[in-house]
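These are my notebook entries on one structure. I record what I looked up, entry by entry.

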Amino acid sequence: MASSSFSRAVFQRIQSCILGIGSLVLAFAAVPALSGAPAAAQTSPANVWWKHAVVYEIYPRSFQDSNGDGVGDLNGITSRLSYIESMGIDTIWIAPMYPSPQIDFGYDISDYVSVDPQYGTLADMERLITEGKKHNVRVVLDMVLNHTSDKHQWFIDSASSRTSPKHDWYVWNDGIPIDSAGVNDYQKKYVQTNLEGKHVVPPNNWESLFGGSAWEWVPAVHQYYYHKFYKQQPDLNWSNPTVEKAAFDAMRFWLDRGVAGFRLDAIPTLFEDPQMRSEPVLAGTNAQGDPNLQEIYTQNLPEVHNVIRRMRVMVNGYAGDRVLIGETYLPNTAELNKWYGGEAHDELQLPMDFLVGFHGDHDKLNAANFRARIDEVQTQVYGSQPLFVFDNHDNVRAIDRYGDGTHNDLINKVLNTVLLTSKATALTYYGAELGMPTTTPTRKEDVKDPIGITGWPKEKGRDGERTPMQWTAGPQAGFSTNPKTWLPIPPSYKTNNVAVETKDPNSELNWFKQLAMLRRTNPALHDGKQTMLDASNPDVLSYARSTGSGPAVVVAMNFTAEPKTISLDLSGTGITGSTVKTLAADDASLKSVHSLKNITLPPYTSWVASVQ
Ligand code: NOJ
């Protein structure tokens with residue numbers, strides 16, 4: 001099993017942020033008691049496109065190279081629209097393709113209203129949007145609002161002088177005298193000399209998520225600026241209304257060009273504590289060697305919700321139900337509910353629910369855990385639409401997190417079954433449909449992701465989940481004509497590729513396609529309520545989907561390496577009928593099941609059937 005301790009470490013970091021949020025909540029606001037809260041009327045129509053979407057995240061460097069430079073590009077994505085459409089995908093989210101020094105591979109934007117030449121031109125992007133429409137594929141862009149690149153003209157101006165009109169666009173601080181009360185050894189490592197010749201240190205112990213202090217000194221202004229991520233990613237000052245206006249203008253630029261919406265990067269980190277209080281220090285150090293902190297003053301501050309409400313109003317001004325998707329790692333469903341705007345439904349339409357797909361150190365197939373998390377988000381967010389996600393460009397792929405090393409292919413089918421048959425918008429990541437494994441670098445000198453270099457060997461970086469898409473068993477897996485691809489082609493490409501899997505009726509790819517199509521065409525899977533069945537079974541996750549009229553659907557997945565026999569009782573669900581007809585099964589023995597009694601599911605199998 002391929003696995004990456006690096007990405008595991010990133011994920012653990014996310015978990016520590018989550019812990020921090022819990023405390024912040026206690027400090028600033030009461031958590032609404034949502035358990036059992038009645039679902040309020042939805043503000044969005046039931047059939048709005050994003051409720052039924054299957055969203056596919058594309059890392060543009062790694063999807064398809066069209067010009068032979070070894071790096072993927074926009075024309076490459078356009079050339080693969082037929083494949084995307086054939087999989088039952090109707091929306092793509094493209095990770096940042098704007099001009100960027102590429103320190104964080106695009107998450108350091110130096111111009112929000114253009115395209116990085118290595119990915120193409122603005123005309124190429126416009127063509128991708130237009131061609132996408134012909135394939136019924138919408139384009140969602142990644143919008144990075146917490147920070148820019150240090151090479152963005154805004155920051156260059158801001159850092160040039162304290163009197164620059166843009167100075168206040170970023171988070172600057174004079175530092176505090178080194179002998180101030182409470183200054184710790186960590187802060188002292190970042191000592192500087194101020195204009196009066198006095199020794200100053202950062203105002204608090206805030207750390208960059210990517211290692212080291214979050215404060216960087218600029219001699220030209222004799223001040224520190226704050227950066228939650230790399231020092232080349234200075235944080236914008238969202239307390240300044242001009243920043244909001246500039247950011248919304250950038251979003252409008254793309255909305256005017258027909259994008260379907262945005263995935264909002266690191267959105268809980270927009271605001272910091274104005275009092276600059278130090279975060280509580282936890283035991284131990286992280287993979288970058290810094291003290292562990294409980295991030296209560298740099299994540300999820302309540303002010304962010306005012307921005308999101310205004311953003312929603314702005315986006316609602318466009319026809320076509322444009323959507324706001326949030327990168328929201330949160331500790332629990334009550335916190336997730338806030339990102340929807342709770343009962344008011346006036347914030348994000350789709351904050352990502354990482355609670356279902358990322359169980360942290362406990363990542364393994366645990367039926368009780370999945371059942372509880374799915375049920376919770378469907379009953380405790382006032383009827384808002386859940387968005388499930390198992391994979392992205394920052395974490396070890398789910399096939400490796402949940403895989404047991406022996407049944408990974410089947411386990412990947414189980415995960416895609418949960419994703420595609422639940423009453424939730426589905427978000428997947430290129431390669432997850434194939435069961436592409438994580439391929440982590442084995443030598444430090446091969447690592448491209450900077451945190452993998454500074455964190456080696458504890459953190460090996462995120463390269464492992466960003467390897468080129470595996471299209472064929474030919475040269476460079478069909479990704480590029482250039483033998484020197486930006487990341488190496490993983491050895492798995494020989495068998496794990498689109499060409500080979502397309503021909504195999506039992507492949508992971510064909511399983512994905514089959515379910516994505518069923519989800520579109522079967523009314524119960526398209527729209528039906530999801531009700532857990534056999535709810536105390538520790539080994540098998542089962543549920544029904546039913547619209548109240550027409551045939552219901554039952555889904556069952558064996559989460560273990562042993563055969564399991566189940567009987568599903570529909571009494572109390574309002575579903576009538578007891579004859580079943582298999583719609584999809586990844587084991588031939590299940591194709592002839594006709595009754596809900598005594599169904600034996602072989603190890604890690606998934607089964608979907610219609611009830612008449
Ligand atoms: C989250 C993105 O997914 C990640 O790749 C990036 O490094 C950080 N935000 C900073 O933008």
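**Entry 1: the ligand.** I counted a residue as near a molecule if one of its heavy atoms lies within 4 Å of it. By this rule the ligand is surrounded by Asp 104, Tyr 107, His 147, Phe 210, Phe 229, Arg 263, Asp 265, Glu 327, His 393, Asp 394, Arg 462 and Arg 466. I noted that the model is predicted: local features need pLDDT of at least 70, side-chain atom pairs count only at pLDDT 80 or more, and totals for chains, interfaces and linings use all residues. Residues are numbered from 1 along each chain as its sequence is written, and side-chain values use heavy atoms, with hydrogens and water left out.

I sorted the shell by residue type, taking Ala, Val, Leu, Ile, Met, Phe, Trp, Tyr, Cys and Pro as nonpolar, Asp, Glu, Lys and Arg as charged, and the others, Gly among them, as polar. The shell holds 7 charged, 3 nonpolar and 2 polar residues.

I then looked up N or O atoms beside the ligand. Asp 265 has a side-chain N or O atom 2.8 Å from an oxygen atom of the ligand. For His 393, a side-chain N or O atom is 2.8 Å from a ligand oxygen atom. His 147 places a polar side-chain atom 3.1 Å from an oxygen atom of the ligand. On its own the ligand has 290 Å² of accessible area (Shrake-Rupley method, 1.4 Å probe), and the protein covers 97% of this area.

**Entry 2: Arg 466.** Is Arg 466 buried or exposed? Arg 466 is buried because its relative accessibility is 1%, and buried means under 20% relative accessible area (1.4 Å probe, protein chains only). I found Arg 466 in the loop between helix H16 (450–455) and helix H17 (498–503); helices are DSSP runs (H or I) of at least four residues, numbered from the N terminus. Leaving aside neighbours within four places in sequence, Arg 466 has contacts (heavy atoms within 4.5 Å) that include His 393, Asp 394, Tyr 429 and Trp 486.

**Entry 3: Asn 408.** Asn 408 belongs to helix H15 (residues 408–421). Asn 408 counts as buried because its relative accessibility is 13%. A polar atom of the Asn 408 side chain lies 3.1 Å from the backbone nitrogen of Asp 404.

**Entry 4: confidence.** I checked pLDDT, the predictor's confidence in each residue, from 0 to 100. The protein chain has a mean pLDDT of 93, and 92% of its residues reach 70 or more. Over residues 1–42 the pLDDT is below 50. Where pLDDT is low, the predicted coordinates should not be read in detail.

Terms used
A polar contact is a pair of N or O atoms within 3.5 Å; within protein, one must be able to donate a hydrogen and the other to accept it, and residues adjacent in sequence count only if both atoms are side-chain atoms. Helices (H or I, at least four residues) and strands (E, at least two) are DSSP runs, numbered from the N terminus. Buried means under 20% relative accessible area, exposed over 50%, partly exposed in between (1.4 Å probe, protein chains only).
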